[in-house]
Amino acid sequence: MWGEWLGTGAVVAVCLLVVLFGAMRKKMEWLLNVIMRSILGIIAMYFINQALAEAGLFLGVGINPVTVLTSGILGFPGLMALYAIGLYQFL
């Protein structure tokens, strides 16, 4: 009697572990993706700000946690939205 429950419990535990590792892998992949986009966003903001400053345009898009997370989560469209907001405020 206990052997059947033990075997069933072991199968259920293994299934739960497989599902847990799969979910953790997906979350880790998403987190690494956000971190990489954030780093690329910081680099892009720095060079775009430098290029615009040389052209005489100061849009005021700073490198801070909000802008880094915006570019990290939304990617390139988020970065362009930040500069569109800066351009709107400039006008």
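Trainee: Is I73 buried, partly exposed or exposed in this predicted model?
Mentor: I73 lies in helix 2. Buried needs under 20% relative accessible area, and exposed needs over 50%. I73 has 46% relative accessibility, so I73 counts as partly exposed.

Trainee: Which residues does I73 contact, leaving aside its neighbours within four places in sequence?
Mentor: Contact means heavy atoms within 4.5 Å. With neighbours within four places left aside, the partners of I73 are V34 and R37.

Trainee: How far apart in space are I73 and L31, C-alpha to C-alpha?
Mentor: Along the sequence, I73 and L31 are 42 residues apart. In space, their C-alpha atoms are separated by 9.6 Å.

Trainee: Which residues of helix 2 are buried, and how wide is their arc?
Mentor: The buried residues of helix 2 are T67, V68, S71 and G72. They line one face of the helix, because seen down its axis they fall within an arc of 130 degrees.

Trainee: Which residues are exposed on the other side of helix 2?
Mentor: The buried residues T67, V68, S71 and G72 belong to helix 2. On the other side of helix 2, the exposed residues are P65, V66 and L74.

Trainee: Is S38 buried or exposed?
Mentor: S38 is found in helix 1. Beyond four places in sequence, S38 touches V68, S71 and G72. Its relative accessibility is 9%, so S38 counts as buried.

Trainee: What does V68 touch, not counting residues up to four places away in sequence?
Mentor: V68 is one of the buried residues of helix 2. Not counting residues up to four places away, V68 touches S38, I42, M45 and I63.

Trainee: Which residues make up the largest nonpolar core?
Mentor: In soluble globular proteins, nonpolar side chains tend to be buried together. Here the largest nonpolar core has seven residues in all. They are M45, L59, V61, V68, L79, L82 and Y83.

Trainee: Which helix gives the most to this core?
Mentor: The core includes L79, L82 and Y83. These are among the buried residues of helix 3. With three residues, the element that gives the most is helix 3.

Trainee: Within what arc do the buried residues of helix 3 fall?
Mentor: In helix 3, G78, L79, L82, Y83 and G86 are buried. Seen down the axis of helix 3, its buried residues line one face, because they fall within an arc of 140 degrees.

Trainee: Which residues are exposed on the other side of helix 3?
Mentor: Helix 3 covers residues 76–90. Its buried residues include G78 and G86. On the other side, the exposed residues are F76, P77 and Y88.

Trainee: How far apart are the end C-alpha atoms of helix 3?
Mentor: Helix 3 has 15 residues. The expected span is 1.5 Å times one less than the number of residues. That gives 21 Å for helix 3, and its end C-alpha atoms agree, at 21 Å.

Trainee: What separates the C-alpha atoms of G41 and L79?
Mentor: G41 is in helix 1. G41 counts as buried, at 5% relative accessibility. Leaving aside neighbours within four places, G41 is in contact with S71 and L79. G41 and L79 are 38 residues apart along the chain, and their C-alpha atoms are separated by 6.9 Å.

Trainee: Is L40 buried or exposed?
Mentor: L40 has its place in helix 1. Its C-alpha atom is 8.9 Å from that of G75, 35 residues away along the chain. With a relative accessible area of 54%, L40 is exposed.

Trainee: Which residues form the aromatic pair, and at what angle between the planes?
Mentor: A search of the whole structure finds one aromatic pair. Y46 and F47 form this pair, at 5.3 Å centre to centre. Y46 is partly exposed at 43%, while F47 counts as exposed at 53%. The pair is edge-to-face, with planes at 75 degrees.

Trainee: Where is confidence highest among the elements of the protein?
Mentor: The protein averages a pLDDT of 83, and 87% of the residues score at least 70. The lowest mean is 80, in helix 1. The highest is 91, in helix 2.

Note on methods
Residues are numbered from 1 along each chain as its sequence is written. Side-chain values use heavy atoms; hydrogens and water are left out. A nonpolar core is a set of buried Ala, Val, Leu, Ile, Met, Phe, Trp, Tyr and Cys residues joined through side-chain atoms within 4.5 Å. Buried means under 20% relative accessible area, exposed over 50%, partly exposed in between (1.4 Å probe, protein chains only). Helices (H or I, at least four residues) and strands (E, at least two) are DSSP runs, numbered from the N terminus. Rings of Phe, Tyr and Trp (its six-membered ring) pair if their centres lie within 6.5 Å; planes under 30 degrees apart count as stacked, over 60 as edge-to-face and the rest as tilted. pLDDT is the predictor's confidence in each residue, from 0 to 100. The arc is that of the directions from the helix axis to the C-beta atoms.
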